[in-house]
Amino acid sequence: MDEKEYRENQSKKDYLLSYKKACKRIQSLNEQLDSLQEVEQSIKSQQLTDMPKGGNRKQDLSDLMVRVEDLEIQIADAITESCKIKLEIEGVLWEMDDTEGSRVLRFRYIYFMPWEQISRIMSYSRKQIQRIHQKAIQNLKDVPQCPI
């Protein structure tokens, strides 16, 4: 495989991996949201139990609530984007003539399965699955640029 082919194949893999990256972004945003919601609960419980004091607790809580709302919007946008990416990748995979290759790519890049699991499902050795994968990557046509 020459350098140009290698770069083209890597570009195709990056495109297929864009769905996984989008899913990881959603996961990260959800973790941030969980963390902010814990802080929000902590502030609310302190307000209920503490004696009145001077300070900016109400301001802190309202700022935090705005950040939580912004994060929820980002999560919704990220989910929409990941759905678009997944549908686009699925469309590319459905266009393939090689059904075995298409299955391997779907298991690997849509369902995020490890090689061992794919080989068990398809009843091939791991090495054979990787050969099918390599051939399928080479045969992918009209793959857009990686969106992420």
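Which residues does Leu140 touch, not counting residues up to four places away in sequence? In this predicted model, where local features need pLDDT of at least 70, side-chain atom pairs count only at pLDDT 80 or more, and totals for chains, interfaces and linings use all residues, Leu140 touches Lys12, Leu16, Val92, Leu93, Met96 and Leu105, a contact being heavy atoms within 4.5 Å. Residues are numbered from 1 along each chain as its sequence is written, and side-chain values use heavy atoms, with hydrogens and water left out.

The protein chain contains five helices and zero strands, where helices (H or I, at least four residues) and strands (E, at least two) are DSSP runs numbered from the N terminus. Of its 148 residues, 30% are buried, that is, under 20% relative accessible area, with exposed meaning over 50% and partly exposed in between (1.4 Å probe, protein chains only). Among the contacts in the protein chain with a separation of 6 or more, 68% are made by residues 24 or more positions apart.

Leu140 also belongs to the largest nonpolar core, which has 15 residues and in which Leu16, Ile89, Leu93, Met96, Leu105, Ile137 and Leu140 touch the most other members; such a core is a set of buried Ala, Val, Leu, Ile, Met, Phe, Trp, Tyr and Cys residues joined through side-chain atoms within 4.5 Å. At least two residues of this core are supplied by each of helix H1 (3-49), helix H2 (57-94), helix H3 (99-109) and helix H5 (126-139). Another core, of 11 residues, lies apart from it and includes Ile26, Leu61, Val68 and Ala78.

Two aromatic pairs are found in the whole structure, the criterion being that rings of Phe, Tyr and Trp (its six-membered ring) have centres within 6.5 Å, with planes under 30 degrees apart counted as stacked, over 60 as edge-to-face and the rest as tilted. Tyr19 and Phe112 are stacked, at 5.5 Å centre to centre and 25° between the planes. Because Tyr19 lies in helix H1 and Phe112 in the loop between H3 and helix H4 (115-122), this pair ties together parts that are 93 residues apart in sequence. Tyr19 is buried, at 11% relative accessible area, whereas Phe112 is partly exposed, at 31%. Phe107 and Tyr111 form a tilted pair, 6.2 Å centre to centre with 40° between the planes; Phe107 is buried, with a relative accessible area of 12%, while Tyr111 is partly exposed at 45%.

Charged groups also sit over aromatic rings, as defined by NZ of Lys or CZ of Arg within 6 Å of the ring centre and within 35 degrees of the ring normal. Arg106 lies over the face of Trp94 at 4.5 Å from the ring centre, and the charged end of Arg108 is placed over the ring of Trp115, 3.9 Å from its centre.
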